[in-house]
Amino acid sequence: MRMILIVPLALVLSACTWVHMAPGASAVKVVSGPPGGCEKRGEVEVSVKHSIAFIDRNPIKVRDELETLARNEAPGLQADTIHPLAGPSGGSQRFAAWRCGR
């Protein structure tokens, strides 16, 4: 009986977005590689839950949430551009932060 309740609950929760854009983060641009003519401000590592009750979350949602978290961190580094250093792994991902003056 419990399994009947756990599986639907896990599926519903796996579709939820738990990360919201912080003020100022919407102005941060995401690029695919290091931007030219910009000052590197540092790196950030972000992480989210990638599975719930042994059920993997939608990888696109996980990737979007990781990107949002990295964008949220950029203003604190006085950065206006980020790019991923590698793909997501186990719910974590590293990004480089840049100030390009846009």
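**Reading the salt bridges of a predicted model**

In this predicted model, among contacts between residues at least 6 apart in sequence, 69% join residues at least 24 apart.

Q: Why can side chains pair, and how many salt bridges does a search of the whole structure find?
A: Side chains of opposite charge can pair when their charged atoms come close. Here, a search of the whole structure finds 6 salt bridges. One of them joins the side chains of E39 and R99, with 2.8 Å from N to O. Because E39 belongs to strand 2 (residues 39-47) and R99 to strand 6 (residues 92-99), this pair ties together parts that lie 60 residues apart in sequence.

Q: Which residue forms a salt bridge with E45, and where in the chain do the two lie?
A: The partner of E45 is R94, and their closest N and O atoms are 3.2 Å apart. The pair links distant parts of the chain, since E45 is in strand 2 and R94 in strand 6, 49 residues apart. Both residues also belong to a network of salt bridges that links K40, E43, E45 and R94.

Q: Are R57 and E65 buried or exposed?
A: Buried means under 20% relative accessible area; R57, at 3%, therefore counts as buried, and E65, also at 3%, counts as buried too. These two residues form a salt bridge, with the closest N and O atoms 2.9 Å apart. By contrast, E45 is exposed, with a relative accessible area of 52%, while R94 is partly exposed at 34%.

Terms used
Residues numbered from 1 in each chain as written. Predicted model: local features only at pLDDT ≥ 70, side-chain atom pairs only at ≥ 80, totals over all residues. Heavy atoms only, no water. Contact = heavy atoms within 4.5 Å. Salt bridge = Lys/Arg side-chain N within 4 Å of Asp/Glu carboxyl O. Helix = DSSP H or I, 4+ residues; strand = E, 2+ residues; numbered from the N terminus. Buried < 20%, exposed > 50% of the residue type's maximum accessible area, 1.4 Å probe, protein only.
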